[in-house]
Amino acid sequence: MKMKVLKRASAVILCLSLAVCTLCFAPAVSAAEVYDGEHLDVPQIRVVTENGNGTTLQKEDDYVNAQISIKDTDGTELSDAVQFKVRGNTTALSWVTKKAFTFKFAKKKNVLDMGSGKKWVLLANAFDPTLLRNYTAFELARELGLDYTSNQKICELWVDGSFRGCYTLYEPVQEGKDRVDIDIESNDGKKDFLLEYEAVTVEDDVTYLVVDNKRFRFAFQEPEEPNEEQQAYVQEVMDDIVAAIKTGDKENIEQKIDLPSFAKYYLLNEYLKTFDFERTSVYFYYKDGKLYAGPAWDYDLSAGNAYPDFSTRAKNAADYNGIFANKNLYVYLAKYDWFNEMVSEVYRDHYEFIENISADGGFLDTTYEQYKDVFERNYNEAGWNISKWWVNNYKKPLPTYAANYEYLKDWCDVRNDWMTVHFNPFGANYKIGDVNGDKSIDILDATLIQKYIVEKTKLTGEQKIIADVNNDNTVDALDATNIQKYSTAILSEFKRDI
């Protein structure tokens, strides 16, 4: 991937601070000390399976009986019997030794103040060397206001006495008052439902429906085992919704779907270029007579983490340029100007948060600082080799944590710059070159660009567009030089109004 020509000076400092060894971490408190002593920096989860074979469980083993202990950072502890199993598809492959898990209680439990539920998910993030993509995506979904976005807690996990490293605990996507609050048992003939867009995978215990002459395929999530009447009802509703979407008539469409949620969900997945957005882990729920987009789920294969040589789709997902999320139901919606204008408005409303994700000292940096000891123990003590696992469509990991982290940060930065130009969230009421917005293009504008280059000032997304005088998607010394030439009447042809 071609990344920015401009490299932040602070990035070098950050890489040095992350260290230069293969695993990129300095010695710290051990996992055992963290659990038993005063350094409880994240919740600790210990699982003991009935047969003591938890570390070798495979997906086909299904649920096994176990005991679980969940110790929060304040020392409070929840202990109970659970059923415990391996979850996932690619992440459940036999050779992936850092498995993701599902566990469920006999009765609903409020785990770590995340709400009450029987079932819980522990994601391993085995194919994301930064351990940050899912966490970042869910926080962005929450910022955008996508309803029923799962709570999440970074934790450490032990299975049958073996330290398994860093995991993230989630509420699964399912019906429930503290989950997706829909009424699947209504008697008024307008039952709610929850579907997952599932283009390829076939499982024996899952019911599917196809829509739009078999173009779209969905898996029933709620109700989990629909009878024939329920299937017919959902089929009719979805056929009606897709027919409306295909018309392009905004007024007609907004009678059938919740357009604000669709715009937010699109922006989330367009910014991250979610690789699986046309295949799986894409949810839609029907509530009170409308279809809503979401909740968010599964973002380890996003934000540039696709292997470009795997396929054309992977190459497009890895590139920070271009539109990507015009998939599933968005294959129609993304064509409509009025819908893209809605997306642009959502982008503008949340621009500061999105830009801050990759900013120096921003979301990624502060999240790393908060959890760096946990990430360190994942690689040093749990022993997960940062470059060991790689499977077809995932990007080959770089040899150090620092390199993988900086790649993610740069990718998010340049992706936001491309999105800013494409969606133009700030409108077009400015002249290129007028960096400080004083309606004059002069030496002060060139000075701001020079300061930006040496990172003594900050340019917003709008200012970056204005400062990119020669329109090469980079703000550099050439832009400042052109403004200086213009301001001394040597060159004026460079001006361009948009």
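A residue is counted as buried when its relative accessible area is under 20%. By this criterion Cys166, at 1% relative accessibility, is buried in the predicted model. Cys412 is likewise buried, because its relative accessible area of 2% falls under the limit of 20%. Cys166 takes part in no disulfide, and the nearest cysteine sulfur, that of Cys155, lies 8.3 Å away.

Across the protein, buried residues make up 55% of the 498 residues. The accessible surface amounts to about 21700 Å², and carbon and sulfur atoms contribute 46% of it. The secondary structure consists of 15 helices and 12 strands. Among contacts with a sequence separation of 6 or more, 68% involve residues 24 or more positions apart.

Seven of the strands form a closed barrel in the order β1-β2-β3-β4-β5-β7-β6, and their pairing is mixed. From one strand to the next, the twist averages 35°. Helix α3, spanning residues 133-144, packs on the sheet and touches β5 (116-123), β6 (152-159) and β7 (162-170). The direction of α3 makes about 150° with that of β6. Within the barrel, strand β2 (residues 64-71) runs antiparallel to strand β3 (residues 77-87), and eight bridges join the two. In this pairing, Lys71 stands opposite Glu77 of β3.

The largest nonpolar core comprises 100 residues. Those that touch the most other members are Phe218, Phe262, Leu268, Leu291 and Phe339. Helix α12 gives the most to this core, supplying 10 residues. When neighbours within four places in sequence are set aside, the contacts of Phe262 are Ile257, Phe284, Leu291, Tyr292, Ala293, Leu329, Tyr330, Leu333 and Phe339. Two of these partners, Leu291 and Phe339, are themselves listed with Phe262 as residues touching the most other core members. Another core, of 24 residues, lies apart from the largest one and includes Val82, Met114, Trp120 and Tyr167.

Several loops contain backbone features of note. The peptide bond from Glu222 to Pro223 is cis, with omega near 0°. Pro223 is located in the loop between β10 (216-222) and α4 (228-247). A cis peptide bond also joins Gly294 and Pro295, where omega is about 0°. Pro295 occupies the loop between β12 (290-293) and α7 (312-318).

Positive phi values occur at two residues other than glycine, Ser281 and Asn424. For Ser281, phi is near 60°, and the residue lies in the loop between α6 (259-272) and β11 (282-287). Ser281 is classed as buried because its relative accessible area is 11%, under the 20% limit. For Asn424, phi is near 45°. Asn424 lies in the loop between α12 (401-423) and α13 (443-453). With a relative accessible area of 27%, Asn424 is partly exposed, since that class covers values between the 20% limit for buried residues and the 50% limit for exposed ones.

Methods. Residues are numbered from 1 along each chain as its sequence is written. This is a predicted model: local features need pLDDT of at least 70, side-chain atom pairs count only at pLDDT 80 or more; totals for chains, interfaces and linings use all residues. Side-chain values use heavy atoms; hydrogens and water are left out. Helices (H or I, at least four residues) and strands (E, at least two) are DSSP runs, numbered from the N terminus. Buried means under 20% relative accessible area, exposed over 50%, partly exposed in between (1.4 Å probe, protein chains only). Two strands pair if DSSP finds at least two bridges between them. Axes are lines fitted to C-alpha atoms, for helices over the stretch in contact, and angles run from 0 to 180 degrees between N-to-C directions. Contact means heavy atoms within 4.5 Å. A nonpolar core is a set of buried Ala, Val, Leu, Ile, Met, Phe, Trp, Tyr and Cys residues joined through side-chain atoms within 4.5 Å. A disulfide is a pair of cysteine sulfur atoms within 2.5 Å. Accessible areas come from the Shrake-Rupley method with a 1.4 Å probe; for residues, only the protein chains shown count as cover.
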